[in-house]
Amino acid sequence: MLSMKWTTNQQKAIETIDHNILVSASAGAGKTTILVERLMKRILTDRVQVSEVLALTFTEAAAAEMKHRLQSVMNQRLNQEPSAFLEQQISLLETAHISTIHSFCLSIVQNYGYVLSLDPKQVSNLLDEASKSIMIQQVLDQIIDSQLKQPTETFYQLSQYFDPRPESFEHLKQAIFQVYKAAAAQPDSDAWYKQVVQMYQSYQTFDQMPDIFQYHLWQSLTLKADQLMDLLTQLEKHVKYFIDDSEVLAVIQLKKQWISQAHQAISRKNYDGFYHAIIQTVDKKMKAISDDEIYTSLRKSLSDLVSSCVETSYSQAQLLSDLHNQLPLIETLIQLAKNFSDAFAQEKRNQACIDFDDMEKFAYQILYNEEHRIDLLYQRIFKEIMVDEFQDTNLIQNAIIEKVSSGNNIFRVGDVKQSIYKFRGAKPQLMREMSKQDEIMQIHLSNNYRSKQPIVSFNNHLFNLWMNLSETEDSYTEFDKVSTGRPEQNENGIPVSLDLIRGDMDDESSEDDIQLEDSANESIVKARHIAKTILELVESGQYQFKDMVILVRSHALKTSCKDAFDEVSIPYFIDTKSGFYQSDAIQHILNVLRFIANPNHDIALIGTLQSPLFGLTVDEIAILRNKQKERRVSWLNILESTYPQIYQTLVAWSQTFKTLTLHQSISELILHNQLYDVYCDHQDKTNVDFLLEKANRYDQTQQSGLLGFISMVEAIKDEKSSEAIPVSSSENVVKVMTIHQSKGLQFPVVFFWTNNSQQILDKRKAVVVDEHLGMGLHTIYSSRRYKRSNILRETIEYKMTKEELEEQLRVLYVALTRAQNRMYLVGFSKKDLSSAPLSYTSFFKGIGTYGWLVSAMHQYPHASFTIRHVPIVQYIKPWIGKKKEDSLPLPVNTRQFVTKDSEVKRYSRKQPGALNLQGELAANELGSNLHLAIERLGMVPWSSQDIEQTEVLLNDQQKQQLIDFSLHPLTQSMYQYPSEHELAYHIRKNSTIESGFMDWVIIKEQSLILVDFKSDRNVTPDILIERHMSQIDRYKDVLSTLYPNLAIECYIYSFFLNQYVSI
């Protein structure tokens, strides 16, 4: 084992065997180090073979990292102490069960699919999300069509509930799929459906209903009574100290008496008594006092809350009758969901494929099959089962883990406070419940090895206040209060800064100065403050841009950061889109395809004209629009007379693309105006390559042509399909990312972007679904066209709100535990929330992370933080921020563009110097992982061990591609000469400035050799030449201009082909 001093609990986690163990590891506790160390101990000391270990991680990247770290430690040990056993373990590492739970499940299904009579071809063909979305819509259409052939009165009522328009079934289809997904997340879907139906049986009183409903019902009613009492108490204090109106005070005190009676009724579980007391509060009105804003606001809040309570102020008998009357609708909806499940499964069998969710479901069914007992095979194989990020495990995953265990060999590591994947089915209650089981050994890692002391103390202080509310599920115990683990963390610490930008007037501003009309303006003010602070930190010399990250709750907020950083030329990487299909390059291509499919699609046409394909400006588009309105003709007619060349190009595409395959069409499109070579950055090229792969697969499997492909894209446009972040940790740029993207990462300086409200969007759906309480509809009175809530739906909404707010508090914890040295909390608000009580009722008000932070930090001062009140006037346009064009690099995400004079202006990721073959040149660290590895590697040939030592994360295919490249005869001959990788250039030609990077330049006495690396897949040499010729010609022209006396040889090296292609 590594020579390192472990704490008592760390040693216990590493060495204890023959027990099921649950390790609760707070943020920054070094859990991955402990996992690897335990694994090494199991292998080296306990002689457990790698093949006898199952290690499950949350992401593929985490699995790869664990393998990489394990291999590094094993190689280090092997160099110190040669061992045949260790050599064998290293050789087994590539095929070891160190993977995500989904990858493990897939291996079970592929090896033992015969247990379920699964076609081997089906389990080897994973349905991509695009095709899955299309299939889901087709199956839903089939379900509705089948019902319409033999409609029942209940189906008609259900369809009217979801879609009042008789021709529309979209909301009903969404509800069917919503219910199907909820059932599919359960180990036993049929049992869950029975649980749903049980809520709608005929009951006389609430105490006859399932216990889980009663528990949440009385919790929800207690909250309502507490909220009313809180408002009345605030009103009473305000009236006493600022109004002194005895009449109002008397009314308030009378209402408080009725709310006290409501509390007493709850304690007796007397529902009718509770609502009788609530209704009494309506009878006595509080008079208006228009000149007191605080009183008026509190009075309105009280009135609104009472009104919402009164909405369900019906007797138990009436409410239970309402529920029972909905039973036929619920049963019909359940049957539709079951029909969909069967039809969807059959369609996947017909097309010989499975989807992502099938991996878990089929693996679960195989392991729990009593006839074949595959579970016993795994129980005999695995001596150690390790589960990382256990807090994000779902019910089916946990059942699978327990089924392959021999009973006392599961080592789980997690942190309930970091469970933030509810939308993926994560069940933090699994870890909560397991932490209370005596038969499972509990170990707590309470040292933080990441953050400076003030940050550690601040988080202990804040979450001790907010996570210990008595009614919430999470808690911040003595075990959660971490301390620093290294002496240097206690040195030179700086308090956390809460930067409050207030939207009201100050002494230095006038009403004309400040115009914040919407949340977008508020966002840009916050972004400008962050930009100003970043510049101050950089100018201090203590930090670089790459040390800083801005954490936001959603992708939409990133745009404001981009705009503010552009104003002062801060270099940044901002992934502004949520997925592959929404990236810029993909949208340019899709707009052309949409236009070709429908020439009347004006939005697609305008997008195409403004794209780099044609480069029309906003002003030019406006002129076209005016001409179109004046002449009352189509856009195409205007284009024909104004821009005939563009018109002819579009007509030619419309004619030829309809006869080409989709892959051929896109391949031709990306050559136009050098879209691929000039206008696509590394990420865009990766996306386009992936789109071409999808198009090729679509051409082979679909018969719907261009319209079908566009429909597929439209069907999945809201999917959160991810794209890789093409930026290395060493690139000197500020990063802006969502909190979910930051999970598992750490940064020297963190800016946290607070929000002012929390909305529970799922409550707006026509049907609300809960794992324990089932489904809730509104109560509908068709004859009166009246809809209202009912007691089950309200209870589900309460539970849904509670769980969502608890997760948002955990998201806040993840965000505030990323910082190493400095942390800034940036907020903007037009109202004072500093006195908001730290109570369960405030928690439910949706005051946002801003409200949580401000109330805690004002009412409970602590040495770990400071509060800065920031004048807003300095951030109102025109902003006085200093633009540092001469000293700062340009933004990473700024795209190239074509001006009217057809000058190509390229904004590089770094501000490169002039080309100098004799001096040192900065490398482009934003290149692909293959490029980065080549830069770090020495003389060829390279071995696997050489590649591992680069510490670049590569998959097996990429490693082999590098080895093949190093063995190529031409590569070996070129390495005999001096060379430069990622060679930057920046030259002026006529009135045009051109800059960029060349992958590899070899320097010979009488000539230069240019090699451009390409990772394009599914290509031939001819395709590579056609696709990249213009780019190579441009590079060659640059070298020839600078060095006219040297001969230039040009090659493309294809990693896919392992071939040099001469240009």
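This is a predicted model: local features need pLDDT of at least 70, side-chain atom pairs count only at pLDDT 80 or more; totals for chains, interfaces and linings use all residues.
**The whole chain**

Now zoom out and colour by secondary structure. The protein has 41 helices and 26 strands. Of its 1063 residues, 54% are buried. Take the contacts between residues at least 6 apart in sequence: 75% of them join residues at least 24 apart.

Go to K269. You will find K269 in the loop between α12 (246-267) and α13 (271-283). Its phi is near 55°, a positive value in a residue other than glycine. K269 counts as exposed, because its relative accessibility is 51% and the cut-off is over 50%.

Next, select V940 and P941. The peptide bond from V940 to P941 is cis, with omega near -5°. P941 belongs to the loop between α37 (929-936) and α38 (944-948).

**A buried threonine**

Select T16. This residue lies in the loop between α1 (8-15) and β1 (21-25). T16 is buried, with a relative accessible area of 15%. Show its side chain. A polar atom there lies 2.7 Å from the backbone oxygen of K12. Leave out residues up to four places away in sequence, and T16 touches I21, R38 and M441.

In soluble globular proteins, nonpolar side chains tend to be buried together. Select L172 and M775. In the largest nonpolar core, which has 84 residues, these two touch the most other members. Helix α11 (residues 211-243) gives this core its largest share, eleven residues. Another core lies apart from it, with 48 residues, including I739, F747, L812 and L838.

Stay with L172 for a moment. What is L172 in contact with, leaving aside its neighbours within four places in sequence? The list is I144, F155, L158, S159, F162, D163, L333 and L336.

**The seven-stranded sheet**

Show the strands as a cartoon. Seven of them form an open sheet with parallel pairing, in the order β11-β12-β10-β13-β18-β9-β19. Find the edges: β11 (572-574) and β19 (865-870). Each has a single partner strand, so one side of each is left without a neighbour in the sheet. Direction ignored, neighbouring strands are turned by 20° against each other on average.

Zoom in on one pair. Strand β10 (residues 548-552) and strand β12 (residues 734-738) pair in the parallel sense over four bridges. V552 stands opposite T738 in β12.

**Helices on the sheet**

Helix α21 lies across β9 (496-502), β18 (819-829) and β19. It runs at about 50° to β18.

**Last stop: two packed helices**

What is the angle at which α21 and α36 pack? It is about 105°, and their axes are 10 Å apart. The two helices are therefore roughly perpendicular to each other. Show the side chains where they meet. F458, L462, L465 and W466 in α21 meet W852, L853, S855, A856 and M857 in α36.

Methods: Residues are numbered from 1 along each chain as its sequence is written. Side-chain values use heavy atoms; hydrogens and water are left out. A nonpolar core is a set of buried Ala, Val, Leu, Ile, Met, Phe, Trp, Tyr and Cys residues joined through side-chain atoms within 4.5 Å. Buried means under 20% relative accessible area, exposed over 50%, partly exposed in between (1.4 Å probe, protein chains only). Contact means heavy atoms within 4.5 Å. A polar contact is a pair of N or O atoms within 3.5 Å; within protein, one must be able to donate a hydrogen and the other to accept it, and residues adjacent in sequence count only if both atoms are side-chain atoms. Two strands pair if DSSP finds at least two bridges between them. Axes are lines fitted to C-alpha atoms, for helices over the stretch in contact, and angles run from 0 to 180 degrees between N-to-C directions. Angles under 35 degrees count as roughly parallel, over 145 as roughly antiparallel, 65 to 115 as roughly perpendicular and the rest as oblique.
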